[in-house]
Amino acid sequence: MTSVKFLADEKGLCGFTISGHSSVNCDDELGKIVCSAVSSAAYLTANTITDVIGDKANIDLQDGFMSIRIDTPSKATYQLIEGLKL
């Protein structure tokens, strides 16, 4: 099961952690699609924060795990993470 936790400071959402896999096994096509969709949204958000907006982020990536926390988020970063949550 995929689990998502959003991190917040006094101004809004400043990070997220996604863990787990959505597929029951390697042959679970629907689970693979869901996992890919979640991963795609998470990577798009993380890359936009760091490479487009330019905020510095603490990122931890492992198999089935992504954590990103921005210590000094810009307004755009707060809005982007809020969009991911929606």
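I started with Thr45, which sits in helix H1. Helices here are DSSP runs of H or I with at least four residues, strands are E runs of at least two, and both are numbered from the N terminus. I'm working on a predicted model, where local features need pLDDT of at least 70, side-chain atom pairs count only at pLDDT 80 or more, and totals for chains, interfaces and linings use all residues. Residues are numbered from 1 along each chain as its sequence is written, and side-chain values use heavy atoms, with hydrogens and water left out.

Is Thr45 buried or exposed? Thr45 counts as buried because its relative accessibility is 5% (buried is under 20% relative accessible area, exposed over 50%, partly exposed in between, with a 1.4 Å probe and protein chains only). I then looked up its contacts (heavy atoms within 4.5 Å). Setting aside neighbours within four places in sequence, Thr45 touches Phe16, Leu80, Ile81 and Leu84.

Leu44 is exposed, at 57% relative accessible area. I noted 9.5 Å between the C-alpha atoms of Leu44 and Leu84, which are 40 residues apart along the chain.

Then I checked the whole helix. At 1.5 Å a residue, the 25 residues of H1 should span 36 Å, and the 34 Å between its end C-alpha atoms agrees (expected span is 1.5 Å times one less than the number of residues). H1 has a kink of about 30° centred on Asn47; the bend is the angle between axes fitted to the seven residues ending there and the seven starting there. After H1 comes Gly54, with a positive phi near 90°.

What covers the buried residues of H1? The cover includes strand E2 (13-19), strand E4 (65-69) and helix H2 (75-85).

I finished with the H1 and H2 pair. Their axes come within 10 Å and cross at roughly 175° (axes are lines fitted to C-alpha atoms, for helices over the stretch in contact, with angles from 0 to 180 degrees between N-to-C directions). H1 and H2 are therefore roughly antiparallel, a label for angles over 145 degrees. On the H1 side, the contact is made by Ala41, Ala42, Thr45, Thr48, Ile49 and Ile53, and on the H2 side by Ala76, Thr77, Leu80, Ile81 and Leu84. Ala76, in helix H2, counts as partly exposed at 33% relative accessibility.

How values were computed:
Angles under 35 degrees count as roughly parallel, over 145 as roughly antiparallel, 65 to 115 as roughly perpendicular and the rest as oblique.
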